[in-house]
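Dear colleague,

Please find below the structure that I am handing over to you. My notes on what was found in it follow directly after.

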Amino acid sequence: AIGINAVSDVYHDQYPDVANTLLYGPNDVNVVNGPLGVITVLANGTAIGINAEALADGGVYVSSAGSISATSVYGDAYGIRTTTSGSGYIEVDNSGSITATGEDFVNGVAAWAYGDGAASVTNSGSIDASGFTAIGVYAWTDGYGDASVTNTDTGSITATGAYATGI
C-alpha cells in the first residue's frame, strides 16, 4: 500500500507541463488529505490535485477533509482523479472543499474503474468544477462493477461551463 497524510500545505507550480500529486502502485493506494491539508496546483497544461492510480487489481481509497484547488490556464483540470484496472475498487470520500478550474475538460472528482472494479464517490463537502466541459463528479466503470455517487444533505456540487453536468 502507498499512503500519504497531508496535514500541511502542499504546493505545486509547474509551467508548462502537468502539475499534480501522483500516487500509484501495484497494490492498494490510500490517500488522506486531513482537515488541515491544503493542496494547490497551478499549471499551463493539465492540473491535478490528487492523482491516485492502482495497477493490476489494486484498489484506490481517497479521503479529503481539507482543501484542494487545481487550476489549469490552458488545459484540463481535476481536483481528484482516480483510476483502477482489473477488479480494483475506487472509493472517494470528500468532506472538504474541491475547486477545479480549466480551459477545456474539468472534473471536480473523477473515479474511473477500468476492468471489473466498482467506483463510489461520497460528498458531504463542496465540489466546484468550471471549464468548457465541466463535470462535478464523474463516476464510471468499464465492466461489471457498479458506479455510484452520494451527495449528502450537507454536500454541494456545482459545474459551470458551456457543457456542464453536476453528476
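Two strands pair if DSSP finds at least two bridges between them. Strands themselves are DSSP runs (E, at least two residues), as are helices (H or I, at least four residues), and they are numbered from the N terminus. Please note that this is a predicted model, in which local features need pLDDT of at least 70 and side-chain atom pairs count only at pLDDT 80 or more, while totals for chains, interfaces and linings use all residues. Residues are numbered from 1 along each chain as its sequence is written, and side-chain values use heavy atoms, with hydrogens and water left out.

The chain contains 18 strands and zero helices. Strand β6 (residues 47–54) runs parallel to strand β9 (residues 77–84), and seven bridges join them. Seven of the eight residues of β6 are buried, where buried means under 20% relative accessible area, exposed over 50%, and partly exposed in between (1.4 Å probe, protein chains only). Of the 167 residues in the chain, 44% are buried.

In soluble globular proteins, nonpolar side chains tend to be buried together. A nonpolar core is a set of buried Ala, Val, Leu, Ile, Met, Phe, Trp, Tyr and Cys residues joined through side-chain atoms within 4.5 Å. The largest one here has 25 residues, and those with the most contacts inside it include Ile-50, Val-62 and Ile-80. Strand β6 gives the largest share of this core, four residues. Apart from it lies another core of five residues, among them Ala-77 and Ala-134. Leaving aside residues up to four places away in sequence, Val-62 touches Val-31, Ile-50 and Ile-80, among others; a contact means heavy atoms within 4.5 Å.

Turning to the aromatic residues, rings of Phe, Tyr and Trp (its six-membered ring) pair if their centres lie within 6.5 Å; planes under 30 degrees apart count as stacked, over 60 as edge-to-face and the rest as tilted. By this rule there are five aromatic pairs. Tyr-114 and Trp-140 form an edge-to-face pair, because their ring centres are 5.0 Å apart and their planes lie at 70 degrees. Tyr-114 is in the loop between β12 (105–113) and β13 (119–123), whereas Trp-140 belongs to strand β15 (residues 133–141), 26 residues apart. Tyr-114 is partly exposed at 36% relative accessibility, and Trp-140 is partly exposed at 28%. Ring pairs also link Tyr-78, Phe-105, Trp-112 and Tyr-138 into a cluster.

With kind regards
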